[in-house]
Structure formats: C-alpha cells, structure tokens
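Dear colleague,

I am handing over the structure below, and my notes on what was found in it follow directly after. Please read them with the coordinates open beside you.

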Amino acid sequence: MKDSLNKDSKVLEEAFFAREDERLLRDLRLKAERIQQRKALKETLRLKDDDLIDHLVDLGVTPATMLAVGLIPLALVAWADGTLDPREREAILKAAREHGIQPDCPAYTMLEVWLKEKPGPELIEAWKQYIANMWTELSEAEQAELRGRIIGEARAVAKAAGGFLGLARVSAEEQAILDDLEKHLA
C-alpha cells in the first residue's frame, strides 16, 4: 500500500508541476512578447513617456500601426496641392530623416511609396477611423503628446516643401490639411 501511495503521490506531483511549469512558461513567453512589443513601439515612436508606451501596448497598438498613424499625415501634406515635384519630394524625405525616419527603416520605404502615389481615400478614411477609436482610449495628456508629435512632423514637412524660394511658407492647401488633421486629433 505504501509503495502504491508513493507511486500515486509521485504521479500527482509530476502532473501538478508539469501543469504549473506550462503556466509559468506561458507567462514568461507573454512577458517576453510584451517586452519586445514595448521596445519596438518605443523605438518606432521615440517617446520618453513610458506610461504612454505601456498604455499603447495594453491597447494592442503595434509599431506598424503607429508608423501608419504618423506617416499618413506626412503624405497628405505632401500631396496637398495634388502634385508632388522632385524638390518637394526631397524636402519631405529630408524632413522625415531629420525627424528620425531613416532610409534603412520601413517607415522611410512606406513614405517613399506614398510620395510616388497619392494615398487613396480608403487609406485616409481608415486613418481617420483608427484615430477616432484610439483617441477614446487615451487620456488628454496622451492625446496631447501624440497630437503634438503628429502635427509637428506634418507641419515640418509642410514648411520644408512649401513656399517661394524655400522660405518655409505653408500653402493654403497644406494649411487645410493641417487643420483637418488637428480636427481629427482633437
């Protein structure tokens, strides 16, 4: 009887610890995934606000999504007057580089694509819808942080690409786009 009980005890312990090990391993994987997501999002956004990064990770926001959220406004400003000449294109890419978007990163490649072909209305509408949904999940301070970043970069592109003889004027068309962006980020 004692041997049988010891065998049963050993089987019970192994089953318990196997299940516990599986749970611990799953928890470790989830923690490692979160750390990777957080790191990637922080690198993408270059934000110092760790609480905002954590909140975005909690919401399931990915680095790719945030690239689109930030780059679509740049493309909209670039195409504000309906055309994009080579000087504007280079000024926009230069402004993007100055804001940390380097040629060897996916964001730069995506921006180059949008500078060859104007983003379609479905992309613009998807951006607006995403922003509307995301905005309801953010605090006023978080909204202000992201709004300042998105509008600031869009305004920098507008100034870099606009104006007579490069005098950094924002055209009426670009200002209309900036105003529309502000409205959607309010």
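To begin with a helix pair, P73, L76 and V77 in α3 meet E174, I177, L178 and L181 in α8, where contact means heavy atoms within 4.5 Å and where helices (H or I, at least four residues) are DSSP runs numbered from the N terminus, as strands (E, at least two) would be. The residues of this contact of α3 with α8 divide into six nonpolar, no polar and one charged, with Ala, Val, Leu, Ile, Met, Phe, Trp, Tyr, Cys and Pro counted as nonpolar, Asp, Glu, Lys and Arg as charged, and the others, Gly among them, as polar. The two helices, α3 and α8, pack at an angle of about 155 degrees with their axes 8 Å apart, the axes being lines fitted to C-alpha atoms, for helices over the stretch in contact, and the angles running from 0 to 180 degrees between N-to-C directions. That angle makes α3 roughly antiparallel to α8 (angles under 35 degrees count as roughly parallel, over 145 as roughly antiparallel, 65 to 115 as roughly perpendicular and the rest as oblique).

Before going further, please note that this is a predicted model, in which local features need pLDDT of at least 70 and side-chain atom pairs count only at pLDDT 80 or more, whereas totals for chains, interfaces and linings use all residues. Residues are numbered from 1 along each chain as its sequence is written, and side-chain values use heavy atoms, with hydrogens and water left out.

Turning to the core, the largest nonpolar core has 44 residues, of which L56, M66, L111, M134, L146 and L181 touch the most other members; such a core is a set of buried Ala, Val, Leu, Ile, Met, Phe, Trp, Tyr and Cys residues joined through side-chain atoms within 4.5 Å. Here buried means under 20% relative accessible area, exposed over 50%, and partly exposed in between (1.4 Å probe, protein chains only). At least two residues of this core are supplied by each of α1 (2-45), α2 (50-58), α3 (63-78), α4 (86-98), α5 (106-116), α6 (121-135), α7 (140-161) and α8 (172-184), and the largest share, ten residues, comes from α3. Leaving aside residues up to four places away in sequence, L146 touches L47, L52, M66, M134, W135 and L138.

In α2, the residues L52, I53, L56 and V57 are buried, and, seen down the axis, the buried residues of α2 fall within an arc of 140 degrees, so they line one face of the helix; the arc is that of the directions from the helix axis to the C-beta atoms. The face of α2 turned away from that buried side carries the exposed residues D51 and D58. In α5, A107, Y108, L111, W114 and L115 are buried, and they cover an arc of only 125 degrees around the axis, which puts them on the same side of α5, while P106 and K116 are exposed on the other side.

Finally, a loop residue and two helix residues. L47 is found in the loop between α1 and α2 and is buried, with a relative accessible area of 5%; not counting residues up to four places away in sequence, L47 touches K42, L52, I53, E145, L146 and R149.

With best regards
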